[in-house]
Amino acid sequence: TGLITSDLGYKSTGATKSAITFLNGEKGVLRYRGYPIEQLAEKSSFLEVAYLLIYGDLPGADELSKFRDGITRHTLIHEDMKMLYEGYPAKAHPMGVLASMIGALSTFYPNAQGSELDPEEVDLTIRRLIAKITTIAAWSYRKSQGFPIMYPQNKLDYCSNFLHMMFALPTEEYEINPTIVKALNTLLILHADHEQNCSASTVRMAGSSHASLYAAITAGVCALWGPLHGGANQQVIEMLEQIHSEGSDVARMVEKAKDKSSDFRLMGFGHRVYKNFDPRAKIIKKVADEVLNELHIEDPLLEIAKSLEEVALNDSYFVERKLYPNVDFYSGILYRAIGIPTEMFTVMFALGRLPGWIAQWKEMRDNNEPISRPRQIYVGPNKRDYVDLENR
Ligand code: CMC
C-alpha cells in the first residue's frame, strides 16, 4: 500500500546500537569512544587510537607497549603470498590487490572463523590484520612500479615502517622525515572510524553470518573502493588536476557540478551525515598548510582546492543543500605532499579505517547481534503461470 515505504540507502535506519563513535552532523562533532577527534589528532598515535576503538579505552603504558609489540611481530606476510603478486597485471588497481590479499590471509589462518570465537585467537587476528595490511599495501605499490619489495623493519614505528616499505631504496637506509611521519599518523587517526558508514556497515553485515574477520574486512575494502565513499579521495585530486590543466577555472567546475543533466558531482563535497563542516576536513586543511610549508612544497592544487571551496560555499546550490568539504577534499593534497601516489589514496583510507572496521565487527560479535537480513517491499509481478518456450 502507499503507506508502506522503503528506506533506500538506510537514510533513516538505526541499524544497531553502538558505543564506538559519536557523530553530530548538524554541529560537525566527531568523537571516538567519547574523545574529541581534534584532541586525538593532536596528541595520540594511530596504534593508540586503534586500541581505543577496538577495546573501548585508552591503553595504559604497558597495554600499549604489548599491543605495539604484538603488531610489530606480525608485519611479515607468508612467503607464499609473494607469489600471488606475480599473477596481477602490472596496472592492477592496488585496491583490487588489497581486497584479494586480505581475503587470501584467511586461507593462511583458517582458525579465525566460526560461531564460537576464541578471544585469544581474535586478538591474534586483530594484530595480524593491523600489521600485515601495511606490508600488503606497500608491496602492491612496489610491484606496480617494478621495484623490489622491501621487508618490514621491526625497529621502526608503525608509520615509519610503512613509509620504509613504500619508498626505501634497496641500496640505502631510508631516511625518516618526522614531519611526514606525523602527517601520516594524523591522517590515519582521522580516518580510523566513522560509525555506520557504507564500509563499516558492510563489515558488520558480512561478519553477521559468522564469516571470518578476514572475510568481513575484505568486504569492507570492496565497499570502500567506490567513488561515493573512499574512492572519492583519488577522484578529488584527478578533478583538481583537471582544473589546473584547463587553466584553473574553478567556477566552471562548480557550475558543472550543479548541472543535473550530467552525473558529475564536486568530489570531496557533501556528506550523508554532516550538514556542516566535516571536522576532519578542517584539521586536514590546517595540517596540509603546515606540512607543505615545512617541506617547502608549493602545490598549485592546494590553492585551487581553497578557491573551489570558497566559490562553492558562497553558491546558493551548495548552501541550500548544506554541502561542505568532507574528509576526502584535502586529504589527497596531504598524501601527495608526503609522496603517496594518487592510485594509492584509497588504500591509505583503508589502512586508517581498518581499526574502525575491526571495532565494528567486534562489537557486533560481542553483542551477539543476529544475522543481518533486511526485508523489502516487493513490487514485482503477481503470480503468473509458466509459459512454454514455443508459446512465448
Ligand atoms: N556535488 C554536487 N551536488 C551534490 C554533491 C556534490 N558533491 N553531493 C550532493 N549533491 C546534491 C545531490 O545532487 C542532491 O541534490 P538534489 O536534492 O537537488 O537532488 C543533494 O545534494 C543531496 O545529495 P544526496 O546524493 O541525496 O546525498 P547522499 O547523502 O545520498 O550522498 C554523498 C552523500 C557523499 C554520496 C554525496 O554528497 C556525494 O556524492 N559526494 C561526492 C562524493 C564524495 O565526496 N564522497 C566522499 C564522502 S565522505 C568520505 C566517505 O564516506 O568515504
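This is a predicted model: local features need pLDDT of at least 70, side-chain atom pairs count only at pLDDT 80 or more; totals for chains, interfaces and linings use all residues.
View 1. Residues are numbered from 1 along each chain as its sequence is written. The axes of helix 8 (residues 178–191) and helix 17 (residues 345–366) come within 7 Å and cross at roughly 65°, where axes are lines fitted to C-alpha atoms, for helices over the stretch in contact, and angles run from 0 to 180 degrees between N-to-C directions. Helices (H or I, at least four residues) are DSSP runs numbered from the N terminus. The contact, defined by C-beta atoms, placed from the backbone, that lie within 7 Å, involves Leu 187, Leu 188 and His 191 of helix 8 together with Met 348, Phe 349, Leu 351, Gly 352 and Arg 353 of helix 17. By class, the contact of helix 8 with helix 17 has five nonpolar, two polar and one charged residues; Ala, Val, Leu, Ile, Met, Phe, Trp, Tyr, Cys and Pro count as nonpolar, Asp, Glu, Lys and Arg as charged, and the others, Gly among them, as polar.

**View 2. Helix 6 packs against helix 17.** The axes of helix 6 (residues 119–145) and helix 17 come within 10 Å and cross at roughly 175°, which makes helix 6 roughly antiparallel to helix 17. From helix 6, Ile 126, Leu 129, Ile 130, Ile 133, Thr 134 and Ala 137 meet Val 347, Leu 351, Leu 354, Pro 355 and Ile 358 of helix 17. This contact of helix 6 with helix 17 comprises 10 nonpolar, one polar and no charged residues.

**View 3. Helix 5 packs against helix 6.** Helix 5 (residues 94–108) and helix 6 have axes 10 Å apart and pack at an angle of about 135°, and the two helices are therefore oblique to each other. Residues of helix 5, including Pro 94, Val 97 and Leu 98, meet residues of helix 6, among them Lys 132, Ile 136 and Ala 137. The contact of helix 5 with helix 6 divides into nine nonpolar, two polar and one charged residues.

**View 4. The shell around the ligand.** Of the 20 residues around the ligand, Ala 232, Arg 265, Gly 270, Arg 272 and Asn 326 come nearest, a residue being near if its C-beta atom, placed from the backbone, lies within 6 Å. The shell residues divide into eight nonpolar, eight polar and four charged.

Note on methods:
Two residues are in contact if their C-beta atoms, placed from the backbone, lie within 7 Å. Angles under 35 degrees count as roughly parallel, over 145 as roughly antiparallel, 65 to 115 as roughly perpendicular and the rest as oblique.
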